[in-house]
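Here are my comments on the model you sent. They are set out as numbered points, to be read with the coordinates open.

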Amino acid sequence: MIRILVVEDERPISDLIRMSLQRAGYLCTCVYDGLAAADTLERERFDLVLLDVMLPGVDGFALMDYIRPMDMPVIFLTAKNAVDDRVKGLKMGAEDYIVKPFEVLELLARVEVVLRRYNKVDDILEVGGLTIDTRSMTVTRDGEEIALTNKEYELLLLFARNPNTALYRETIYERVWGGEYAGGSRTVDLHVQRMRRKVGWEDKLVAIPKVGYRLGL
């Protein structure tokens, strides 16, 4: 399982990140200051570090110097939005830089991109009775392959990677079709209904009135 260290001193933000990552299938460890982070990194190995800049004790930039020789990818999390801070973090070797407040889906997407860059994403997903092989883009249930169109597969993968999360139709359309959602369009609903029926998720992937859909597991 992918292990992520979250270094964030604001407990509500840390808890939100932890719950979101755990729902997406990651194993999380949370610490709340720079010294605790250094001690944890000395004892344990992680696949990714989410690192706040403004920390008590040792700040994120100083901690980045400590992490760099360990060859662990880092995404900076900070309330600062100055260009100089973003440039400094990236020049120090961070893979990405996210300004708070951020959307959980954006965080998950950026985490996935960085993990893929380091070849640390699980290629096989076991979700809701399905086996999804992201290398071959195949989906099976009880050993039998389920034929999906490209859009249906992308929809399935989006829900599989964001379980127990309400996804707005606008978000679904943007992530799968790559454009701006037209309010009266039935494209999302029709594709979701077809995909849901094919994979047997009628009771798991439920519509949320005036919002979108949620995969409950």
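**Notes on the predicted model**

1. The largest pocket holds about 520 Å³ of space. Its lining is made up of 24 residues, and A24, E112, L125, A160 and R161 lie nearest the centre. Two or more lining residues come from each of α5 (104-117), β6, α6 and α7.

2. The mean pLDDT of the chain is 89, with 98% of residues at 70 or more. Helix α4 (residues 83-91) has the lowest confidence, a mean of 80, while strand β1 (residues 3-7) has the highest, at 96.

3. Strand β6 (residues 124-127) contributes to the pocket lining and deserves a look of its own. In a regular strand the side chains alternate between the two faces of the sheet. In β6, L125 and V127 make up the covered face, whereas I124 and E126 are on the uncovered one. L125 is also among the residues nearest the pocket centre.

4. Strand β7 (residues 130-133) runs antiparallel to β6 and is joined to it by 4 bridges. Across the pair, E126 is opposite T131. The two strands form a hairpin with 2 residues between them, and G128 in the turn has a positive phi of about 55 degrees.

5. Which residues have the most contacts inside the largest nonpolar core? They are I132, L156, F159, I172, W201 and L205, in a core of 27 residues. At least two core residues are supplied by each of β6, β7, α6 (150-160), α7 (169-177), α8 (187-199) and β12 (212-215). Helix α6 gives the largest share, 7 residues.

6. Beyond its neighbours within four places in sequence, I172 is in contact with L155, L158, F159, L167, W177, V188 and Y213. A second, separate core has 21 residues, including L55, I67, F76 and M92.

7. Is F46 buried or exposed? F46 sits in the loop between α2 (34-43) and β3 (48-52). It counts as buried because its relative accessible area is 1%, against a cut-off of under 20%. Setting aside neighbours within four places in sequence, F46 is in contact with R3, I4, L5, T29, T40, L41, M72 and K120. K88 is 42 residues from F46 in sequence, and the C-alpha to C-alpha separation is 23 Å.

Key
Residues numbered from 1 in each chain as written. Heavy atoms only, no water. pLDDT = per-residue confidence, 0-100. Buried < 20%, exposed > 50% of the residue type's maximum accessible area, 1.4 Å probe, protein only. Pairing = 2+ DSSP bridges. Core = buried A, V, L, I, M, F, W, Y, C linked by side-chain atoms within 4.5 Å. Contact = heavy atoms within 4.5 Å. 1 Å grid on protein atoms, 1.4 Å probe; cavity = no way out; pocket = protein on both sides within 12 Å on 5 of 7 lines; lining within 4 Å. Points joined across faces, edges and corners; volume = space filled by probe spheres on them.
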